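Please read them beside the coordinates.

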Amino acid sequence: MADFIFKISPNITLGSYTATRLGQFCREWGSKFIVIIDPVLKDAGVSEKILQSLDSRNLDFFVFSEISEGASTKAIQQALALAKDAHVHGVIAVGGSKALQVGRAVSAYYYEIQDLYSFVDGSLPSSASLPLICVPTTPRAPFVFTNFIPVTDSRTMSIKLLKIQNGLCKLVLFDPNLTVTLTENQITAMSIEILCLAIEAYLSPKSNFFSDMVIEKGIELLSFALDGNPSLSTTPADVLLSQGGCLASLGSSCSSLGAASLLSLCINSRFRISRSLTSAILLPYIIEDAGHFKTDKIVKLARIFRTASTSDAPENIVAAFSDNIRQRIAKTNLPPRLKDLSFSVEQLSLAAEDAGELDLITSLQRSMTSDDLFDLIKLAY
């Protein structure tokens, strides 16, 4: 196998109320920031708390929240222009994936003189990045630890993966209290998405001893968050969920995304459907498919997730694992099939074609083409 090289970047801070110290952390990298924040956080009062932490430390900042269309090249261009005009010292990104990805792009290309679309079309950044602090308000941040940024090309509405510099992000701050903006259905869908990220990374040919170790612990914590554990009764479920999501995100970045995660990215870019929802629908089919070629790994994860006993036959464990996911989807009345998302299978075929053009298709849990991905869509439709 190839040599394993691991660098701790970015630093990770995880704990309740850590967001109240954001201003303290930011002072290490400057005094003037652009804050890219999801507009939905204002109604929940989250943005006010975040900004108060900066204001009370006398930091100079301004807010950019024009990201209703997601992490699109149009939004990135607007945020980049404002950041450059203001000569900021760093970027603070607060929210879900769209805010974090826009923030990462501003940080990556702040000093570049080329047009943004040159990087969309494949150019590599040649300048240093601007310091970036990410504050996820969901219990997962799967792309913050990667060397690429998934964005929507506003010209075609298709997904693109932008290459970025190493060490882009200086700090990722996970505060479980920030998940108060999420509904029960959103938490369920995101929990299943976390499990999907972890399973696919565990099955990937790019997996290694480190990613496997991190993922196994992440899935264990996720199980405790969802179903409880007497020995961890003093640890709140939201903290366990953030811990599991953090480890799954880190483990995924050390391995690779899988078919469901890749398709959910492409479907989200095309049709604005939640990645978490699509991943949740596809995951049972991923488990059943993997049961044919990586049975031992699926069985091990099913036991860690506590859906099977050691005496069950492998085929029964695989079936019980996928059924467990479907039961969680049914319990919270989430859509069980892709057809329930009100898009035709012909429309969803565009996402399979988009996925086939991305480099990530070479790192899926098994060798797959865009035709194979479309077969998966039809199976879940």
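1. Contact here means heavy atoms within 4.5 Å. By that criterion, and not counting residues up to four places away in sequence, Phe321 touches Leu195, Ile199, Ile287, Ile298, Leu301, Ala302, Phe305 and Thr307.

2. This is a predicted model, in which local features need pLDDT of at least 70 and side-chain atom pairs count only at pLDDT 80 or more, while totals for chains, interfaces and linings use all residues. Residues are numbered from 1 along each chain as its sequence is written, and side-chain values use heavy atoms, with hydrogens and water left out.

3. The average pLDDT (the predictor's confidence in each residue, from 0 to 100) is 92 for the protein chain, and 97% of the residues score at least 70. Helix α2 (residues 40-43) has the lowest confidence, at a mean of 82, and helix α4 (residues 73-86) the highest, at 97. Helices are DSSP runs of H or I, at least four residues, numbered from the N terminus.

4. A nonpolar core is a set of buried Ala, Val, Leu, Ile, Met, Phe, Trp, Tyr and Cys residues joined through side-chain atoms within 4.5 Å; buried means under 20% relative accessible area, with a 1.4 Å probe and protein chains only. The largest one has 71 residues, and Phe321 and Leu195 are among those with the most contacts inside it. Helix α7 (residues 184-203) gives the most to this core, 11 residues. Another core, of 42 residues, lies apart from it and includes Ala83, Leu130, Val151 and Cys246.

5. Ser269 belongs to helix α10 (residues 259-271) and counts as buried because its relative accessibility is 0%. Leaving aside neighbours within four places in sequence, Ser269 is in contact with Thr152, Met157, Ser158 and Ile159. A polar atom of the Ser269 side chain lies 3.4 Å from the backbone nitrogen of Ile159.

Notes
Helix = DSSP H or I, 4+ residues; strand = E, 2+ residues; numbered from the N terminus. Buried < 20%, exposed > 50% of the residue type's maximum accessible area, 1.4 Å probe, protein only. Polar contact = N/O pair within 3.5 Å; in protein donor to acceptor, adjacent residues only side chain to side chain.
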